[in-house]
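Please load the model in a viewer and keep the sequence panel open beside it.

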Amino acid sequence: MADTAVHAGHESGHHVTTTGLSNNKLAMWLFLGSECLLFGGLISTYMLYRGRTGDGPGPNQLFDIPLTSISSFVLLMSSLTMVLAVNSAKRKDDANTKLWLVATALLGSLFVGAQVYEFTAFYQEGIGFTTSLFSSSFFTLTGFHGVHVSIGVLMLLALAAMITRNRVAGDKAEAVELVGLYWHFVDVVWVVIFTLVYLIPA
Amino acid sequence: MTTTDTHEHHGHAHGSDEPHIPTDRYFINVALVLALVTALETSTYWWPDGMQTVATVALIIMMTIKFFMIILVFMHLKFDNRLFSLLFYMGLFLAILVYCITLASFRFFF
Amino acid sequence: MALTSPAPSRSLGAFRRPVEATGWKSWVFTVDHKRIGIMYGAVALFFFLVGGTEALLIRLQLAAPDNTVLGAGLYNEMFTMHATTMVFLFVMPLAAAFANYLLPLQIGARDVAFPRLNALSFWIFLFGGIFINTSWFLGGAADGGWFMYSPNSSGLFSPSHGVDFWVLGLQIVGIASLLSSINLIVTVLNMRAPGMKLMRMPVFTWMVLVVQFLLLFALPVITVALFLLSFQRNFGASFFDVDKGADPLLWQHLFWIFGHPEVYIIILPSFGIISEVLPTFSRKPLFGYKFVVFSGATIGFVGWGVWAHHMFASGMGPVSVAAFSVATMLIAIPTGVKICNWTLTMWGGKLWFTSAMLFAIGMIVLFTIGGLSGVTHAVATADTQQTDTYHIVAHFHYVIVGGAVMGLFAGFYYWWPKIFGKALNERLGKWNFWLMFIGINFTFGPMHVLGMQGQPRRMVVWPDKLTGEGYFDLAFWNEVATWGAFTIATGVSVFLWNVWYTHRKAEVAPLDPWDARTLEWMTASPPKAHNFDAIPNVHALDELFHRKYEEVDTDKGVRLKKTSTAEEVLAAEEARGDAHIHLPSPSYWPIVLAFGLPIIAYGIIFNLIMAFVGAAIVLLGAFGWVLEPSVAEPGDYESPSDDHHMKELDPVG
């Protein structure tokens, strides 16, 4: 294998790229940079419309801050378990890598579960997707975030399964790190949403 | 490719492009700080109504602290090659720029 | 879910990688950037003919007062789809074709960073383009104008599925561009040959790099806007519905935050192409390489702060208008810098007027005209008069057809011998150039007058009683514009004939027909599958030029003398060729994964069950992709890409 193009992303590939950095990791960071503009757009839409509640209840009457604080805390802790998975993978400790990946996925699922519960509760209080501009933009923003978390859970579990069956092509530690970057980004987006949407009064 | 940092690390002798990533203990400490800040954030919910402006400012500051702690430490930007930071900050900067201008043109801020 | 099911064993036939090197399979499953580039080009040209036909129909309708060639409804569909097709399915993918084919060659790489992802981008683009155009047969195409302002985009004013097709189709095509932008940026950052520093890269590569950054950051904004619109149309939300208290300006902002960088996405590749063509045919290095590169990057950056100049008439308020007006004037500076650089490149050069050179010069002339009328629109007071008139249509067609398309045609004539081994016929090429150049001026020149006379854009008829006299005669100028449009069409036909003629009749072109300067000419024509026998070592900007020419002391001082031919340079390179070159294997999965996307989109419009089938195909494709063995080396593993499709898709499905 004499050439850079084909080596990309492979363990030994780090040393043949121009910058010495992994192609996959550069791609992931570019993608996350791009995601900033996606979530920025959704957050701005919500900020613009959060006061337009029509006849329905507004954010201040609706949000259950203690519940959301707990689920925010859960997601934050999943970042810790993720970073432990990344460190285990760097140590080539497969058993702990899998353990922390699954733990992260569980915490993520818990967060999604809380979100589903929250959406159901809102719906029962009479706030549907189409009730008002506030509700549409709220459900769109948090829904997009929830979908991102769900995809993250899917990737975490898939990665754990692939490690078990030894089906990870290329650098295992890097694969964990890439999923980790994605996961932390989703967490960081929630940090912003939690403050701007839930905590700052409209 | 090495980033000079003074953090505790077990030596990565091989490969100059490997960033020095701190130990588990370090990350747990960071997570504890993050949890503490989150608790503080949540507490603003029970602050008296007269302190709304203070609370808003405090919340934005705390959000920024959490944001950068996660991307710098958990996402390794602090330890990694600066190119990764550059690529990500480009997106972040443009997002803040264009959306703040847009919201400003809707008289969102004042 | 799929993740807990046992991973398929390697013995399952479907998980082998295809190996065909010839026949249709070698194209459908290819991951070779050159083949993908050619396919991008072919599909883009096909859509050029579709969009061109739509343009001719529009011009026929407007050729005479109170005309009835097209009904009002059909006319609305026609101009919407003309713009959509030309922007998203012709100019952007044609630039992607050149970028795909040439960028790895120009930086001395054997392929792009993620070859499978590259194939995926192409197939997604192709299926997305077909998807949008099937709307013609499924109840009518989109009819809200290409920027689809509210309330035109709402179900009330556009009850057919056209807008749904448009929204979902652009969403699909956007995924293709996003993936390919990530791919090409990583390629430029990471795959350069030894010695190929950033400031030694050809200007075309530089401009493509800037464009990919614009795409990377602009596309998510339109993605948000399109999601909001499709939630409004399909799920009952009211994001842009004034009746429900919404702010329709939100759409305009989101659209133009994307839409203005998009303008530079369209024009910058063309800037890059002519920055290669002009030095070659002036036999001089590009004047002020660094200025051209930095002004290109500056245009890319300042392009983010000018979007609201499309909205001067929307009532944003005086502060916004003033700020965007100033920012818009600023962006004329780097553009002017480039025009100066190109002109000074030709100054004192030994000009060689090939077809490629003519197109490049034509591009400078026409783009300057379009740029000058453009910068007058930065003056908000004047713009308020011109908004939504044919004056604006004149401006952006001079920029897009006169600027971007002329530049791309320069690229055809310049790189054809590299890509196909045969040069396009020069005599036909000159016919092609003059017909298009004259046609463009006759089509879009009169539109300045029409606009000043107040003929509005997007109006299906102009009434007989408004026809003025002499210089103000709407009938005369409209007729001229229609004749001009058919002149352009003749020019394009000559091009197509030229392609056919060249491939039937022409001799094999010499290795270095233009005495070119950059790396892509330092390899066989057409290049071998692995591009370079040995990865070149780069020592300078215009590497090939420096290998061919040396400074020699003569009695008249130091002169440049050609000391070796391209054939000799190539022979020397081939002599030190690598013994074992492994290329990425072809793959089944890009086309499978891409195929799921339009099915999801049809499902959202017609039947949600179908959307789930499409999502299942995408998920299957993603897992097939990840689990696919890499025949040569495990170097093809591309985790980010997988994350990406899932993220982009699942919200839709």
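**Stop 1: helix 2 of chain B**

Select residues 52-74 of chain B, which form helix 2, a run of 23 residues. Its span from first C-alpha to last is 31 Å, close to the expected 33 Å, where the expectation is 1.5 Å times one less than the number of residues. Helices here are DSSP runs of H or I with at least four residues, strands are runs of E with at least two, and both are numbered from the N terminus.

The model is predicted: local features need pLDDT of at least 70 and side-chain atom pairs pLDDT 80 or more, whereas totals for chains, interfaces and linings use all residues. Residues are numbered from 1 along each chain as its sequence is written, chains are lettered from A and ligands numbered from 1 in the order in which they are written, and side-chain values use heavy atoms, with hydrogens and water left out.

Next, colour the buried residues of helix 2 of chain B, among them B:Ala55, B:Leu59, B:Met62, B:Lys66, B:Ile70 and B:Phe74. Buried means under 20% relative accessible area, exposed over 50%, and partly exposed in between, with a 1.4 Å probe and protein chains only. An α-helix has 3.6 residues a turn, so residues three or four places apart point the same way. Which helices do the buried residues of helix 2 of chain B pack against? They pack against helix 4 (65-90) and helix 7 (172-199) of chain A, and against helix 1 (24-43) and helix 3 (82-105) of chain B. After helix 2 of chain B comes B:His76, with a positive phi near 65°.

**Stop 2: chain A**

Of the 202 residues in chain A, 72% are buried. Among its contacts (heavy atoms within 4.5 Å) with a separation of 6 or more, 76% are between residues 24 or more positions apart.

Then centre on A:Lys92, in the loop between helix 4 and helix 5 (94-124) of chain A. A:Lys92 is not a glycine, yet its phi is positive, about 60°. The residue is exposed, with a relative accessible area of 64%.

**Stop 3**

Select C:Asn190, in helix 5 of chain C. Is C:Asn190 buried or exposed? It counts as buried because its relative accessible area is 0%. Beyond residues up to four places away in sequence, C:Asn190 touches residues of chain A including A:Thr17, A:Gly20, A:Ser22 and A:Leu26. The side chains of C:Asn190 and A:Asn23 are joined by a polar contact of 2.6 Å, and a polar side-chain atom of C:Asn190 lies 2.9 Å from the backbone oxygen of A:Leu21. A polar contact is a pair of N or O atoms within 3.5 Å; within protein, one must be able to donate a hydrogen and the other to accept it, and residues adjacent in sequence count only if both atoms are side-chain atoms.

**Stop 4: the loop between helix 4 and helix 5 of chain C**

Move to C:Met148, found in the loop between helix 4 and helix 5 of chain C. Its phi is positive, near 50°, and C:Met148 is buried at 0% relative accessibility. C:Pro151 is found in the loop between helix 4 (115-134) and helix 5 of chain C, and a cis peptide bond with omega of about 5° joins C:Ser150 to C:Pro151.

A cis peptide bond also joins C:Ser525 and C:Pro526, with omega about -10°. C:Pro526 is in the loop between helix 14 (474-505) and helix 15 (543-548) of chain C.

**Stop 5**

Select C:Phe47 in helix 2 (residues 33-62) of chain C. C:Phe47 is buried, at 3% relative accessible area, and the residues it touches include C:Leu89, C:Phe125 and C:Asn133.

Finish with C:Val399, in helix 12 (residues 390-420) of chain C. C:Val399 counts as buried at 11% relative accessibility, and C:Ile267, C:Phe367 and C:Gly370 are among the residues it touches. C:His391 also lies in helix 12 of chain C; its contacts include C:His377, C:Met447 and C:His448.
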